[in-house]
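Here is a quick tour of the model on your screen. Have a look at the fold and the ligand before reading on.

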Amino acid sequence: TELWAVIPAAGRGTRFGGDVPKQYLEVAGRPLIAHALQALLAHPRVAGAMVALSPDDARWPGWKQWNGKPVMRCVGGGERADSVLAALRALPAQVDDNTLVLVHDAARPNLRDTDLERLIAVAEAAEHGAILAAPVRDTLKRAGEGDRIAATESREGLWRAFTPQAFRRGALIAALEQARIDGVVVTDEAMAMERTGARPALVEGREDNLKVTTAADLALAEYLLSLRDP
Ligand code: CTP
Ligand code: MG
């Protein structure tokens, strides 16, 4: 059965700064969003992609197809979750509520085929979807007054959430709508699902599946992509 990709790309990159929203910054000769699209649409079962763009986006290259697969666009919203919800609703009519959708950040250019394959396999068998993630490696400090250390927190059982995050379209729409009704800003799709009582699976992925947030991340992404086969 077919899967669809959903790519939130309506952010402004305020932490990165500068005039160009980071999804349009180039690494390895093309914009971050092109790497995100390529990684998902390279999978034989991913049928197409829906990209959520800012209403004043003047940089979208206007791609209609990628690898012969449809690339569609819609208008995103003020928060990431609004953009994802808009994209899920805008999917073409043949994408039913049971279709597994893969939500992947436009600013995450180094997703590998092997991780995507494992995520899809787990998500298809899982009751409530699955996400790529990795265990926390650093020692965690709780900041107190004046940024002095108040406590050391256990990292036992703590993971960092990556994308793609894979859920059934209908269940994810319902969860995101509920979060909106409740006035809760969810920072990833899994959080919206968790609020409904779902327990998505954690799929351990490569730590180099980084999201570009700062200039240092962009330099690291350039390096990581240079290590890959052309
Ligand atoms: N995103 C989106 N709609 C929003 C906010 C974010 O589609 N209203 C997208 C971004 O374009 C990005 C992904 O969600 O691909 C991850 O978000 P983040 O890294 O936070 O990007 P920005 O919101 O653009 O950056 P910042 O938070 O620094 O402004
Ligand atoms: Mg943001």
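Which residue is the bridge partner of L102 in strand 11? The partner is A166. Before going further, some housekeeping: this is a predicted model, where local features need pLDDT of at least 70, side-chain atom pairs count only at pLDDT 80 or more, and totals for chains, interfaces and linings use all residues. Residues are numbered from 1 along each chain as its sequence is written, while chains are lettered from A and ligands numbered from 1 in the order in which they are written.

On confidence, pLDDT is the predictor's confidence in each residue, from 0 to 100. The protein chain averages 97, and 100% of its residues score at least 70. The complex gets an ipTM of 0.99 and a pTM of 0.98.

Back to the strands (E runs of at least two residues in DSSP, numbered from the N terminus; helices are H or I runs of at least four). Strand 7 spans residues 100–103, and both of its faces are covered: L100 and L102 sit on one side, V101 and V103 on the other, and all are buried. Buried here means 20 or more other C-beta atoms within 10 Å of the residue's own, exposed means 12 or fewer, and partly exposed is in between, with C-beta atoms placed from the backbone. In a regular strand the side chains alternate between the two faces of the sheet.

Strands pair if DSSP finds at least two bridges between them. Strand 7 runs parallel to strand 1, with three bridges joining them, and W4 stands opposite V101. Strand 7 also runs antiparallel to strand 11 (residues 159–168), this time with four bridges.

Most residues other than glycine have a negative phi, and most peptide bonds are trans. A28 lies in the loop between strands 2 and 3, and counts as partly exposed because it has 17 C-beta neighbours inside 10 Å. D147 is in the loop between strands 9 and 10; with 8 such neighbours inside 10 Å, D147 counts as exposed.

Finally, the ligand. A shell of 23 residues surrounds ligand 1, and the closest are P8, G11, T14, R15 and S83; the cut-off is a backbone-placed C-beta atom within 6 Å. Strand 1 (3–9) and helix 2 (80–90) each supply at least two of the shell residues.
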